[in-house]
Amino acid sequence: MPFMKRYCFLVLLSCGLILSGCAGAFVAPPPEPTPTEIAVPTLPPPTPTEATLNPQASPAADMAVAAVVEPEATAVPSDTPTPVPTATPTPEPDWLNNSGRTTENLMYLGNPNAPVTLVDFSDFM
Amino acid sequence: MLGAEESIKETYVKTGQVLLIFAPVLNHNDRSLQTHQAAECAADQGRFWEFHNILFENQDSFWYGDIQATLKQLAADAGFDTAAFNVCLDEQRHLDMVQAQDQIRINAGIRGQPVFNINGDYIVGTQPFEVFQGVIDPKLATE
């Protein structure tokens, strides 16, 4: 019986040594990163256009520029023509650029069809 | 005029509500004649209203000295074609026209200056812009 005890002890000791020696091989691998961790957005390096827009820009400024540029870059081209407004507003004429002569050879300035006429009788002296 | 003229231009002429007409008054003989002819010489270069302003801004300098030399210098300073301007003034090219224009105010019975006819109503003398507004606005309101 003492032999059996010693034998069992040696067997257990051997198993223990074997298990402890292989412990490094059985270290659980680090968990795979979850998709959420991988998808953390990172700002791309500034494009030449962005650098030209603001060469002294801080990172925050780069983000602002990128935010401005991005909608244009992601615009999906379409074969459908953009509808053109049919009624374009007529620009108001600047009547200060309109001068001419009356039938009496006097110089006028403004809208010849204006509702009010102001005749200035003056001497330059 | 000048004075209130810039405000009148900005408020009413620019927007097409008022047509501004300039009628010469020859109240000071040859000196008046020279200045109004100079304005017509400027009109030959398409710059009547610009030179009209320059003349009013410098009117104190027309009372003494060689007025033709003064007018030519003003035109040169403003970048006019001085050769054409000077010949126009030397030849008194627009003398008849200016005298005919002056006849209009004589026929209208106007003796002093400045006088302003606004759709038949008269303002006499240099007045602030508000006086012109008081005449022009009611006329625009009834249109």
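Modeller: Strands (E, at least two residues) are DSSP runs, numbered from the N terminus. Two strands pair if DSSP finds at least two bridges between them. Now the model itself. It is predicted, so local features need pLDDT of at least 70, side-chain atom pairs count only at pLDDT 80 or more, and totals for chains, interfaces and linings use all residues. Residues are numbered from 1 along each chain as its sequence is written, chains are lettered from A and ligands numbered from 1 in the order in which they are written, and side-chain values use heavy atoms, with hydrogens and water left out.

Start with the pairing. Strand 3 of chain A and strand 1 (residues 18-24) of chain B run parallel, joined by 7 bridges. Ser122(A) stands opposite Pro24(B) in that strand of chain B.

Next, the contacts (heavy atoms within 4.5 Å). Chain A brings 28 residues, and chain B brings 53. Together the chains bury about 3,800 Å², 65% of it on carbon and sulfur atoms. Buried area is the accessible area (1.4 Å probe) that two parts lose on being put together, summed over both. On the chain A side, Phe121(A), Phe124(A) and Met125(A) lose the most area to chain B, together 27% of what that side buries.

Last, charge. There is 1 salt bridge between the chains. The term means a side-chain nitrogen of Lys or Arg within 4 Å of a carboxyl oxygen of Asp or Glu. Arg101(A) and Glu40(B) meet this way, at 2.3 Å from N to O.

Key: Helices (H or I, at least four residues) and strands (E, at least two) are DSSP runs, numbered from the N terminus.
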